[in-house]
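Hi there,

Here is the structure I promised to send over. Have a look at it first, and then read on for my notes.

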Amino acid sequence: MPEQTVRTPPEVDRVAASRAAVEARRARAELKNRVSSGAISALTVLDDAFADPDGVAGRMRATDFLLSVPAIGRTKLTRILEDLKISPAKRLGGLGPNQRTRLHDFIADRESKNRQHKRSRLIVLAGPTAVGKGTVASYIRENYPDVLLSVSATTRKPRPGEVEGVNYFFVDDAEFDRLIENNELLEHATVHNASRYGTPRGPIDEALARGDSVLLEIDIQGARQVRAAMPEATLVFLLPPSWDELVRRLVGRGTEDAEERERRLETARHELAAQDEFDYRVVNGTVADAAQEVVDLIKTRGARPRRAV
Ligand SMILES: Nc1nc2c(ncn2[C@@H]2O[C@H](COP(=O)(O)OP(=O)(O)O)[C@@H](O)[C@H]2O)c(=O)[nH]1
Ligand SMILES: Nc1ncnc2c1ncn2[C@@H]1O[C@H](COP(=O)(O)OP(=O)(O)O)[C@@H](O)[C@H]1O
């Protein structure tokens, strides 16, 4: 029989205590990871800590807690602790009432700003036919690589030079139906009474989860659906400098015959009437200026909607 280690009671207590300490450290590390990955809100952790000072959250040090909050590093930490009048070694459960209030307000304010900040990350660019939506969107894709341009699915046939997966995902009617049935489109519409167009939901959800900005260049029916599905989206309406210039651009593009142009201009009159539903209006005078204005709106995170013109 193997020789057994006989432990005296105090030693048994010590082993158990050290196991418990290791387990508690592991639980605190796990909680820190969940806060830093955004899986759990820092405010929830704080509420838990104050409700149960001896629990996992309550035993967490103020320093470790703050460092797990996204975008707080060592440099900011020192200033924040000073402002909140909390000593670095303090555990959350051991904070006094005033310290609790200050820390709670600080985190609540931060989380509320972050929510606003996320709100303007999804930007919808819409406007009447031939105003230059496609041109401005392409300019943004080429010159502002940190803005992701959503690639729509469409049943229309590719034009010469258009690339699958860059300009559109070209699909047939059956595939478009399948995308709708599987709830894979954030919005979809039949545009100009012709082809169907839709925004794939997956890449947008992934980009927003990463914290990236996404631009959708879609028609007005689509913009309304996005607003209903994601009220936090920012809607931008692109305007022509004048009606005559809009007609010039439509004719100049040369992609529609006279009858189709008339039909589109008739639609454009209705579309222009929808501009007040949008958060911002941007005049497409020059492509570079309009693109810059749209990108500035993406970067003005959390700003309250204002009229650009
Ligand atoms: N609702 C919606 N409209 C889209 C989508 N993708 C493109 N559109 C719109 O469909 C219209 C036709 O686009 P396109 O076929 O490229 O032709 P264009 O009119 O010559 O630019 C434009 O008004 C686009 O804004 C989409 O995913 N959803
Ligand atoms: N700022 C601008 N100034 C002059 N022409 C423009 C401008 N923006 C776009 N265009 C031209 O107007 C036409 C329509 O633009 P397009 O991007 O196809 O419009 P939309 O996608 O809104 O239908 C194109 O020939 C394009 O080159």
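In what order do the 5 strands of the open sheet come? Going across, the order is S2-S7-S1-S8-S9, and the pairing is parallel. Please keep in mind that this is a predicted model. Strands S2 (147-149) and S9 (280-283) are at the edges with a single partner strand each, so each has one side left without a neighbour in the sheet. On average, neighbouring strands are turned by 30° against each other, ignoring direction.

Further in, strand S1 (residues 122-126) and strand S7 (residues 213-217) run parallel and are joined by 4 bridges. Ile123, for instance, has Leu215 in S7 as its bridge partner. Helix H6 packs on this sheet and touches S1, S2, S7 and strand S8 (234-239). The direction of H6 makes about 155° with that of S7.

Now for the cores. The largest nonpolar core has 40 residues, and those touching the most other members are Ile123, Val124, Leu125, Val236, Leu238 and Val294. Leaving aside residues up to four places away in sequence, Val236 touches Ile123, Val124 and Leu125, and its contacts also include Phe278, Tyr280 and Leu297. Another core lies apart from this one, with 17 residues that include Leu46, Val69, Leu95 and Ile107.

Best wishes

Terms used. Residues are numbered from 1 along each chain as its sequence is written. Chains are lettered from A and ligands numbered from 1 in the order in which they are written. This is a predicted model: local features need pLDDT of at least 70, side-chain atom pairs count only at pLDDT 80 or more; totals for chains, interfaces and linings use all residues. A nonpolar core is a set of buried Ala, Val, Leu, Ile, Met, Phe, Trp, Tyr and Cys residues joined through C-beta atoms within 7 Å. A residue is buried if 20 or more other C-beta atoms lie within 10 Å of its own, exposed if 12 or fewer, and partly exposed in between; C-beta atoms are placed from the backbone. Two residues are in contact if their C-beta atoms, placed from the backbone, lie within 7 Å. Two strands pair if DSSP finds at least two bridges between them. Helices (H or I, at least four residues) and strands (E, at least two) are DSSP runs, numbered from the N terminus. Axes are lines fitted to C-alpha atoms, for helices over the stretch in contact, and angles run from 0 to 180 degrees between N-to-C directions.
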